[in-house]
Amino acid sequence: MKRKQLAPHIHADQPAAERYLYVLVALLPAFLGAVFYFGIRVLILAAVSILCFFVSDYLIFEKLYPERPFHVDYSSLVSGLLLVLMIPASTSFWTVILAALFGSILVKQAFGGAGSNVFNPALAARAFLEFACPLQMTAKETPFKSLWNLSSLWTGKPVKSALATPLTSAGWMDILSGRMVGMAGVTSIVLMFFGLLILMERKLIRYEITVAYFATIVVGYVPFYWDHLGFHQFFSWLSLGGLMLIGIFALNDCTTTPIDPKGRIIFGFGTGLLTLVLYRFGNSSYAMIFPVLMMNLTTPIFDRYLRPRVFSKPSWFREVEE
C-alpha cells in the first residue's frame, strides 16, 4: 500500500520530502558563497539553525499531534538554511536559536505542521528578528575580513576591523558575485541564478508567480527610481536587497502561495509592488521580507475564490444537497 505523504502534496504533485530536498540542494550555491565570503561562522549558524528547527519540529509535533506519525520531509532543513542566509554573518547563535524556535513552534507547528502554516517559517523568523534584535540585523561586515573570528557567535557584534558601511560604488564583478556588504547569503546574483537553474531542472518553479514578481520589479523600477536610473544602480539594488532570493525561493513555497495560476500572478504582482513601495517610501530593511508575509495572508482567499470549476457545477465548490 502506498504511504500517504504529508502536505504540501495537496498544493504540489510531488512528495513533500522530495520537493524540499531539491530546494535544499538549490540553496547550496548561495550557502557555499556565504561561507566563502564570511567564514566558518556561517557554517556554525546554519548547523545551529537547522538543528533547532528539526528538533523543535519533532518535539512539538509529537506533543501536539501524538496520533499522527512524524514524517521527515526536510522542510526544517530548508527553513533553517534559508534563515541563516537572510541574516548578517555576525549574528549570535543565541539569536538564531530564538528565531528558529519562533518559526518552528509559533509559525509552523501551532498551525498543524508543514503544509498547514499560513506564513513562510523562515521569513517569519527573520521578521521576528527585525523587531527583537534590530541592532544585530543592521550590523554589516566586509567580506573576507573576519573569516575565522568566532567571537560574534556569543556577542552578536562584528569586530571593529570587519565593520563596514554599505558600498556606494561596487564594481560589476562584486555585484554579480555577491562580494558585497550585506546579509550572509542573498547578495550573489550568479549563485542565486544557479539555484534557479536547479529548481527549473526539477520543475519546482511556478513561473506565473516568479515572472509576475520580477516583471513588476523591473517595470516598476523606472517610475519609482526615476531620479537615478541606470543598469549599475538597478543590479546593485537587486543584489543588496535580496530580491533574487525572494523571487526564486520564497515565492515558490507551495504551501504559502496560491494554487491557481491566476492567483499566483496576482500574488507575484502584489509582492513586487509592496516591495517597491517599502524600498522607496518606507523602511528598506522591511522591504525584502514583509511584502511576502503580507501577501501570504491573501493565499487562503485566492485558494477559495480562484479555483478550477467542478465539472457540471457553476462554481468550484459542490453545492450542499438539502
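Student: In this predicted model, is Arg264 buried or exposed?

Tutor: Arg264 is buried, because its relative accessible area is 9% and the cut-off for buried is under 20%.

Student: Which residue meets the side chain of Arg264 in a salt bridge?

Tutor: Side chains of opposite charge can pair when their charged atoms come close. Here Arg264 pairs with Glu208, at 3.2 Å from N to O. The two residues are 56 apart and link distant parts of the chain: Glu208 belongs to helix α10 (residues 207-224), and Arg264 to helix α13 (residues 261-281). Glu208 counts as partly exposed, at 27% relative accessibility.

Student: How many salt bridges does a search of the whole structure find?

Tutor: The search finds seven. One of them joins Glu130 to Arg126, whose closest N and O atoms are 2.6 Å apart. Both residues lie in helix α5 (residues 121-132), separated by four residues, or about one turn of the helix. Glu130 is buried at 6% relative accessible area, and Arg126 is buried at 3%.

Student: What is the accessibility of each partner in the salt bridge between Asp260 and Lys262?

Tutor: Asp260 counts as buried, at 6% relative accessibility, whereas Lys262 counts as partly exposed, at 49%. Their closest N and O atoms are 3.1 Å apart.

Student: Which residues have the most contacts inside the largest nonpolar core?

Tutor: They are Leu123, Trp237, Leu245, Ile246 and Phe249, in a core of 81 residues. Helix α1 (residues 16-38) supplies the largest share of this core, 11 residues. Setting aside residues up to four places away in sequence, Ile246 touches Leu123, Tyr213, Leu251, Met288 and Val292.

How values were computed: Residues numbered from 1 in each chain as written. Predicted model: local features only at pLDDT ≥ 70, side-chain atom pairs only at ≥ 80, totals over all residues. Heavy atoms only, no water. Core = buried A, V, L, I, M, F, W, Y, C linked by side-chain atoms within 4.5 Å. Buried < 20%, exposed > 50% of the residue type's maximum accessible area, 1.4 Å probe, protein only. Contact = heavy atoms within 4.5 Å. Salt bridge = Lys/Arg side-chain N within 4 Å of Asp/Glu carboxyl O.
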